[in-house]
Amino acid sequence: MAIPNVRIPSRQLYIDGEWREPVKKNRIPIISPATEEIIGEIPAATEEDVDIAVEAARRALARDDWGSTTGAQRAKYLRAIAAKILERKSELAKLESLDCGKTLFEAAWDMDDVAASFEYYADLAEALDSKRKTPVDLHLDSFKTYVLREPLGVVGLITPWNYPLLMATWKVAPALAAGCAAILKPSELASITCLELGEICREVGLPPGALNILTGLGPEAGAPLVSHPHVDKIAFTGSGATGVKIMTAAAQLVKPVTLELGGKSPIVVFDDIDNLDLAVEWTLFGCFANAGQVCSATSRLILQESIASEFLERLLLWIKNIKISDPLEEDCKLGPIVSSGQYEKVLKFISKAKDEGATILCGGERPQHMKKGYYVQPTIITDVNTSMEIWKEEVFGPVLCVKTFKTEEEAIELANDTKYGLASAIMSKDVERCERFTKAFQTGIIWFNCSQPTFTQLPWGGRKRSGFGRDLGEWGLENYLNIKQVTQYTSVEPWAFYKSPSKV
Ligand SMILES: NC(=O)C1=CN([C@@H]2O[C@H](COP(=O)(O)OP(=O)(O)OC[C@H]3O[C@@H](n4cnc5c(N)ncnc54)[C@H](O)[C@@H]3O)[C@@H](O)[C@H]2O)C=CC1
Ligand SMILES: C[N+](C)(C)CCCC(=O)O
Ligand code: NA
């Protein structure tokens, strides 16, 4: 078994450019999902720390060294952060893997994506300088107008544990690019790499208060951020239930929110595919990558009846090659679930599916060779009907459920038979059919002949219960900008709406 040669740093909260002990001095243990052992601890912020961080953020905006920067100046900080991430890539990847259980390979992938996101938003920050002030020509002699795009203010960024540093970056990078001051609240289940981002910001000399990082529990550190009168916006990725709480609390202050709330995404496979193995591999990757803990996981396989038995046989053969091990081991392809709570939840979904009459085609249990850790075998469930929980609810584990169809209409109906609307995938060589599905799928993300590849330039987000708003691309930057119009009267003539007392 691989021994991690990496030390977990002991950190405090990152506030106003320095490390600060939480006011109440609380700490939360870090539990390794691979060994179930306590491997460190993180500071636990409360309302008192939120107040201090929000004040630090407001001061940063009022100070010239952050509040008056150009996009080009902010781009330099973002590029310096990207460079440090790459410099520390192998260490950060190990920390991420230790903390949330994802395979070292996937964690290293994440770090590349993190650096690329900071680079991308550095470019957009520079480009913002020329778009900061846009004249609007009204074709009138008496009025001159323009539109300003300004930083929105102090923003609260609340993020999950499945891609800890990457999901934080999807919000931190555009918020800083826009010139906002941010308070990041990562998940208590995986905060190590987000705290290291604090150290990186300190090292590159990011002005104090521009980014503050408060680790801690949702209700204690997240909720006060949402209801703080001086936090101008909340961007959230996480569960539907917490999304509802956040939107409800934010509504009391008419505070804007963007919500990315996961899903139950379909992958539709037609019998016209040339290469069965290619479709099989994307199906596996779409549901079992990151142990299925992906908001966009294509966890409902909708399979054309004519190829169903052959396709499932191939899936079972491929599944045997998935190496389940300590996530730091070489070639590991399936690590543990993040926490004991999530592990129990995944197993409960599987047993409920059994109780409701579905068939566990493979998996469904803890792998025999893993004595410790929150491991679940890759699981395929058949004989599913659309009223079952396993068809309807997000599992957030390596669990694929399968239904078959005969006609295209039936496939579309099954694909959209969900309260969620994040992503969908179609495997077919018929380009026109794929285009019909593009129109029919009620989701924000559509994959043709693949599942999950994600690019920084493209908008990421959903509809229906998957939330609203978009991360990434230029849309990600818009989240953190305030649009202000300026209208100037340029005529020397009186407006002449009222009768002037000087004229008799
Ligand atoms: N959309 C996605 O990418 C994700 C979806 N999930 C789903 O959520 C389920 C539960 O996972 P959790 O870790 O409990 O998700 P969660 O939604 O509770 O946690 C996400 C973030 O929200 C914070 N939070 C929790 N309660 C809060 C509150 N009242 N006010 C403000 N912030 C709060 C958490 O501390 C964390 O930083 C998973 O089984 C999965 O189905 C989980 C993680 C990511
Ligand atoms: C696209 N991917 C897999 C890199 C990240 C998905 C983000 C999420 O689970 O919220
Ligand atoms: Na952890």
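Entry 1: I began with a definition: helices and strands are DSSP runs, a helix having at least four residues and a strand at least two. I noted that the model is predicted. The unreviewed UniProt entry lists residues 19-486 as "domain: Aldehyde dehydrogenase". I looked up this span and found it to be 41% helix and 20% strand, with its end C-alpha atoms 41 Å apart.

**Entry 2: the annotated active site.** I then turned to Glu260, which the unreviewed UniProt entry covers with the annotation "active site". Glu260 belongs to strand β11, residues 257-260. Is Glu260 buried or exposed? I recorded a relative accessible area of 4% for Glu260, so the residue counts as buried. Leaving aside neighbours within four places in sequence, I listed the contacts of Glu260, among them Phe236, Cys295, Leu422 and Trp460.

**Entry 3: cysteines.** I searched the whole structure for disulfides and found zero. Cys100 is in no disulfide, and the nearest cysteine sulfur, that of Cys194, is 10 Å away.

Entry 4: Side chains of opposite charge can pair when their charged atoms come close. In one of them, Glu196 meets Arg11 at 2.7 Å, N to O. Glu196 lies in helix α7 (residues 192-203) and Arg11 in the segment before β1, so this pair ties together parts 185 residues apart in sequence. Both Glu196 and Arg11 are buried.

I next examined Glu150 and Lys484, whose side chains form a salt bridge of 3.0 Å, N to O. Because Glu150 is in strand β6 and Lys484 in strand β22, the pair ties together parts 334 residues apart in sequence. Lys484 is partly exposed, at 35% relative accessible area.

Within helix α7, I found Arg202 and Glu199 three residues apart, so about one helical turn separates them. Their closest N and O atoms are 3.0 Å apart in a salt bridge. Arg202 is partly exposed at 40%, whereas Glu199 is buried at 9%. Which residues does the network of salt bridges link? I listed Arg11, Arg88, Glu91, Glu196, Glu199 and Arg202.

**Entry 5: a surface patch.** Last, I looked up a nonpolar surface patch of about 600 Å², made by Tyr489, Trp495, Phe497 and Tyr498. Tyr489 is in strand β22, residues 481-489, and is partly exposed at 34% relative accessibility.

Key:
Residues are numbered from 1 along each chain as its sequence is written. Chains are lettered from A and ligands numbered from 1 in the order in which they are written. This is a predicted model: local features need pLDDT of at least 70, side-chain atom pairs count only at pLDDT 80 or more; totals for chains, interfaces and linings use all residues. Side-chain values use heavy atoms; hydrogens and water are left out. UniProt positions are given in the numbering used here, feature names are shortened, and annotations may be inferred rather than shown by experiment. Buried means under 20% relative accessible area, exposed over 50%, partly exposed in between (1.4 Å probe, protein chains only). Contact means heavy atoms within 4.5 Å. Patches are made of residues with over 30% relative accessible area and no salt bridge: like charges are joined within 9 Å, nonpolar side chains (Val, Leu, Ile, Met, Phe, Trp, Tyr) within 5 Å. Accessible areas come from the Shrake-Rupley method with a 1.4 Å probe; for residues, only the protein chains shown count as cover. A salt bridge is a side-chain nitrogen of Lys or Arg within 4 Å of a carboxyl oxygen of Asp or Glu. A disulfide is a pair of cysteine sulfur atoms within 2.5 Å.
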